[in-house]
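Dear colleague,

I am handing over the structure that we spoke about, and below it I have set out what was found in it. Please look through it slowly with the text beside you.

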Amino acid sequence: MKDVSLDDLVMREKQGDEKLKNVILERIAQDVYRRPRVYGCNSEDDVGEIFERYWTRINALVDRYEDKGCGFESFVIASIRYMALSIRRRNARAFDREGVYKDAIKAEIMVDIEEHTDLGLELRQRRSIAGFPSLEDKGICAQAFRHRMLFICIKCANLIDDGDAEKIASCVGLDLDELLSALRRARENGLGLRRRTSVRRRGRDAAWLRMGASTRRLVREVDAGTRDCLSKAIDRDRGLYKSAIGHIAKATPILSNKAVAELLGVPKGTVDCGVRRLMHQYGSLYPE
């Protein structure tokens, strides 16, 4: 079999000798690993990724081949080079998406480093100015205040993250585990969020991610036509992003008092009264 050309093996397989298919695939694999650069690969690792991801398509090359003037070997080389190009493009997109995420995470970390101390100080100052009960106060009034703060936090479950909740809990003396558990249940159940709003949030995030990836590609792209396509894609995604932001801003993601009451297992009137008294007592802190 070693002296028989690959084209002859394919011709015999086409004539009905199905046992030759495994022999042909083995010959293809051996040649790709022996000459990876001919097939558009830089290393054996790239070859392995091609065979792992596109094995079904490689297995069907013999059946798909039609003699149109070029040999089977040329057909295989062109097909696998295209597969290698597809993997490089996919890896490049994944690299850009990961870069966007890393940039966002770095920005959040820097903001947290710069503002964490100041925010904690501001919260403590607000507490002392507003007459919040001290953390050591376990009296009836202090406990009632903390219950009302719990109602407010859960109403805003879709507007605050766990970091904000932790700062609030440490400032007013709430049980952090209880607060995080209640916030998690509210978010998991989708309370306060309409289905359309959730869809728009996903669309907003997807548009933001595509904008970041396209911007990173635009920086290193040299082809004028490709740069023009990337610029148009960025403008299109920017429009989608702004539209989603506008729709989300008009939505009301705050939980109703009824939803808070059902989540905590307390009467709705208790939540109504607690929220109203808290906002009346400390409304001067939020003039907007």
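Is the crossing of H7 and H8 left-handed or right-handed? The crossing of H7 and H8 is right-handed, where right-handed means that the near helix is turned clockwise from the far one by less than a right angle, and left-handed that it is turned anticlockwise.

Before going on, please keep in mind that this is a predicted model, in which local features need pLDDT of at least 70 and side-chain atom pairs count only at pLDDT 80 or more, while totals for chains, interfaces and linings use all residues. Residues are numbered from 1 along each chain as its sequence is written, and side-chain values use heavy atoms, with hydrogens and water left out.

Helix H7 covers residues 162-172 and helix H8 residues 176-188, and the two pack at an angle of about 145° with their axes 10 Å apart; helices here are DSSP runs (H or I, at least four residues), numbered from the N terminus, and axes are lines fitted to C-alpha atoms over the stretch in contact, with angles running from 0 to 180 degrees between N-to-C directions. The contact (heavy atoms within 4.5 Å) involves Asp162, Ala165, Glu166 and Ala169 of H7, which meet Leu176, Leu179, Leu180, Leu183, Arg184 and Arg187 of H8.

The largest nonpolar core has 28 residues, of which Ile154, Val172, Leu174, Leu179 and Leu255 touch the most other members. Such a core is a set of buried Ala, Val, Leu, Ile, Met, Phe, Trp, Tyr and Cys residues joined through side-chain atoms within 4.5 Å, and buried means under 20% relative accessible area, exposed over 50% and partly exposed in between, with a 1.4 Å probe and protein chains only. Two or more residues each come from H6, H7, H8, H11 (257-264) and H12 (268-282), and H6 gives the largest share, seven residues. Leaving out residues up to four places away in sequence, Ile154 touches Ala182, Leu183, Leu255, Val260, Leu263 and Leu264. Apart from this core lies another, of 27 residues, including Leu25, Met83, Ala84 and Ile87.

Helix H6 has 16 residues (140-155), so at 1.5 Å a residue it should span 22 Å, and its end C-alpha atoms, 23 Å apart, agree with this; the expected span is 1.5 Å times one less than the number of residues. Among the buried residues of H6 are Phe145, Leu150 and Ile152.

Finally, Met279 is found in helix H12, and it counts as partly exposed because its relative accessibility is 43%. The C-alpha atoms of Met279 and Ile152 are separated by 9.1 Å, although the two residues are 127 residues apart along the chain.

With kind regards
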